[in-house]
Amino acid sequence: LVPELAAILHAVMEPDTRRRRLNIPETGETIEASPGFVVALTCNGLRDQTGSYHGHRLSGAILTRTWHAAADYLAPIEEAKLLERIGASATLARTVAASMQAIREKHLSQEITTPPSTRTAVQIVRAMLGQHPDGTPGLKRMPWLRAWQALYVGSLAANEANALAPMLAQADAQLTTK
């Protein structure tokens, strides 16, 4: 959320419901928040005390107008169960979940700048199963390394991708021998 847009939302996020109005100078309109109106915000990766995420910082104005609920990644066993529900074998689900966990640990140790999300795990499994992003069948199955490259590793800096290559190759070898 760019700071300019966040600033526009400050008024409707006021705790004092009598002041929750959004003025639009370009049109002269004033929009009043209805009773029960809420603004829900989410963000990824705020794991330090500074509130920084990829060089961005949430403003104090937003932080003082919001309640916070911390949520972390699913435990590997839970993430594997989710992947099984979309069609992955138990072996594939556990391998993807373990790989996700290992990469997230590399993120925490600052070896990788962008950790993979559970959404990425789902996309990788669906690609390997030959499913469209919505889960419907009909695509050619994608091999392990190609799925990872297309859906996660390809977005990383070359040094980060190279750091993950041995781990992903080892997991690929384990999958193909089972």
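Trainee: By about how many helical turns are E78 and K81 separated in helix α3?

Mentor: This is a predicted model, in which local features need pLDDT of at least 70 and side-chain atom pairs count only at pLDDT 80 or more, while totals for chains, interfaces and linings use all residues. Residues are numbered from 1 along each chain as its sequence is written, and side-chain values use heavy atoms, with hydrogens and water left out. Helices (H or I, at least four residues) and strands (E, at least two) are DSSP runs, numbered from the N terminus. Since E78 and K81 are three residues apart in helix α3, their separation is about one helical turn.

Trainee: At what N to O distance do the side chains of E78 and K81 meet?

Mentor: An α-helix has 3.6 residues a turn, so residues three or four places apart point the same way. E78 is partly exposed at 37% relative accessible area, and K81 is partly exposed at 41%, where partly exposed lies between buried (under 20%) and exposed (over 50%), with a 1.4 Å probe and protein chains only. The two side chains form a salt bridge, defined as a side-chain nitrogen of Lys or Arg within 4 Å of a carboxyl oxygen of Asp or Glu. For E78 and K81 the N to O distance is 3.5 Å.

Trainee: How many residues apart in sequence are the parts that the R65 and E14 pair ties together?

Mentor: R65 forms a salt bridge with E14, with the closest N and O atoms 2.6 Å apart. R65 is partly exposed at 26% relative accessible area, whereas E14 is buried at 12%. R65 lies in the loop between α2 (60-63) and α3 (76-85) and E14 in the loop between α1 (3-9) and β1 (21-24), so the parts tied together are separated in sequence by 51 residues.

Trainee: How many salt bridges does the structure hold?

Mentor: Side chains of opposite charge can pair when their charged atoms come close. Another such pair is E111 with K106, at 3.6 Å from N to O, and E111 is partly exposed at 41% relative accessibility. The number of salt bridges in the structure is five.

Trainee: At which residue of α7 does a kink lie?

Mentor: Helix α7 (residues 158-177) has 20 residues and reaches 28 Å from its first C-alpha to its last, close to the expected 28 Å, which is 1.5 Å times one less than its number of residues. A bend is the angle between axes fitted to the seven residues ending at a residue and the seven starting there. In α7 a kink of about 35 degrees lies shortly before the proline P166, at A165.
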